[in-house]
Amino acid sequence: MKTIRIGTGAGYSGDRIDPAVDLAERGQLDYLVFECLGERTIALAQLARLDNPDHGYEPLLETRMQAVLPACKRNGVKIVTNMGAANPLAAAQATARVARSCGISGLRIAAVTGDDVLDAVCAGDYLIEETGAPVASVRDKLVSANAYMGAAPIVAALAQGADIVIVGRASDPALFLGPALHAFGWQMDDWPRLGSGIVAGHLLECGAQVTGGYFADPGYKDPPHLARVGMPIGELSEDGTLVVTKLPDTGGEVSRATCTEQLLYEVHDPARYLQPDVVADFSGVTMTEDGPDRIRLAGGSGHPRTGLLKVSLGVQEGWIGEGQISYAGPGAQARGQLAADIISERLRLLDIPCRETRGELIGVNAILGPEPDTPAPREVRMRFAARTDSRADAERIGREVEALYLNGPSGGGGASRSTRRVIGVLSTLIPNHLVSPRIHMMEV
């Protein structure tokens, strides 16, 4: 029975690069998948493309390609990735430049476009899933609208001989389902097989989460050598069974526990995991140990797709200005709280228009809120942030916090400040016939 080996080179935009190189060199892979695109990531990429039409793809694309292309070319490993973000064509061109700089030739690079559906969404009468309001109600703040494409264009690109497939917004598991469809010739209405492919993609898409990274909890769950945690490898067979493993001399672990946590991660209903290609059913999945750091999964299934595609809407929500400063020693908590109170009053005195403000002491009340009757900490870091409509107003927040050096409680140090644009994420659903993927092939 035919089996393919798929390695995960990245599970998010800023993931480590050296484990991907290790996989490319020693993983005996057929495919290396880089999953780097989050909901806000693509909206920010759209803004970058507006500023410069040659930008808008994953900032680490060149660095990653420089690192892995020589080994992938040498070992016949194909690359599938969503590092195209808002500009897959520019990403493909950048990849071609990297290949030439490495002295690599004979590569076919496919850029897949078509997920940008801003015009279609604005022309239709669609509703925001989170609020029920019409998309038209946020039209003046809308930055981007990108549909989650399925695996079909990836399959088509591989069928045209692509060595590298670069997409924009696609379903994360589709990056792994595409190679399986291409390798095994599964039909697009073979729902059990498609569901099994989504199980594989979902297990592998988050990188080291399934090999012990996000799993670790000292004293309860202690995967070894996390500084050297290995990225996962999926051995996917033609019948839909999957073995999750990793390189033997890397850190972390692959166990029933790590696979169970990842299988349920971000899944509301395991029996109905909605994807562009299939409604996947995880409810019958079984796991068995198949050797050290090897878990075999079977029993994934699926049902017909809905005919609708989720669209991620990026919405401008103003700016956040932030400042931080630390206090230590006796009375640190009281001095930190006084600092936050001073900034709050300063914003009122200066009449800085803020949509919302937040003053907190990190380590005391920043995440879980205040806890009564706890010992006073020896050190705190005060963080004050405010959301404004303009960058200029946001920048004033950090300056006020920095001014606490001489105008606030004693002993403040290590002040920092930052300003960033806020991109909100909403969603809507559109009929899948409104998305028309297109493959652009280039050769090096």
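Helices (H or I, at least four residues) and strands (E, at least two) are DSSP runs, numbered from the N terminus. The model is predicted, so that local features need pLDDT of at least 70 and side-chain atom pairs count only at pLDDT 80 or more, while totals for chains, interfaces and linings use all residues. Residues are numbered from 1 along each chain as its sequence is written, and side-chain values use heavy atoms, with hydrogens and water left out.

Next, display α9 itself, residues 256–264. Its buried residues (under 20% relative accessible area, 1.4 Å probe, protein chains only) are Thr258, Cys259, Gln262 and Leu263. Viewed down the axis of α9, they fall within an arc of 130° (taken from the directions from the helix axis to the C-beta atoms), so they line one face of the helix. Among the elements covering them, by contact (heavy atoms within 4.5 Å), are α8 (191–204), β8 (242–245), β11 and β12.

Move to β11 (286–289) and β12 (295–298), antiparallel strands joined by four bridges; pairing requires that DSSP finds at least two bridges. Thr286 has Ala298 of β12 as its bridge partner. Five residues separate the two strands of this hairpin, and Gly291 in the turn has a positive phi of about 125°.

Finally, select the open three-stranded sheet, ordered β9-β10-β13 with antiparallel pairing. Its edge strands are β9 (273–274) and β13 (301–303), each pairing on one side only. Two bridges link β9 to β10 (279–281), and Tyr273 is partnered with Ala280 of β10.

Notes: Buried < 20%, exposed > 50% of the residue type's maximum accessible area, 1.4 Å probe, protein only.
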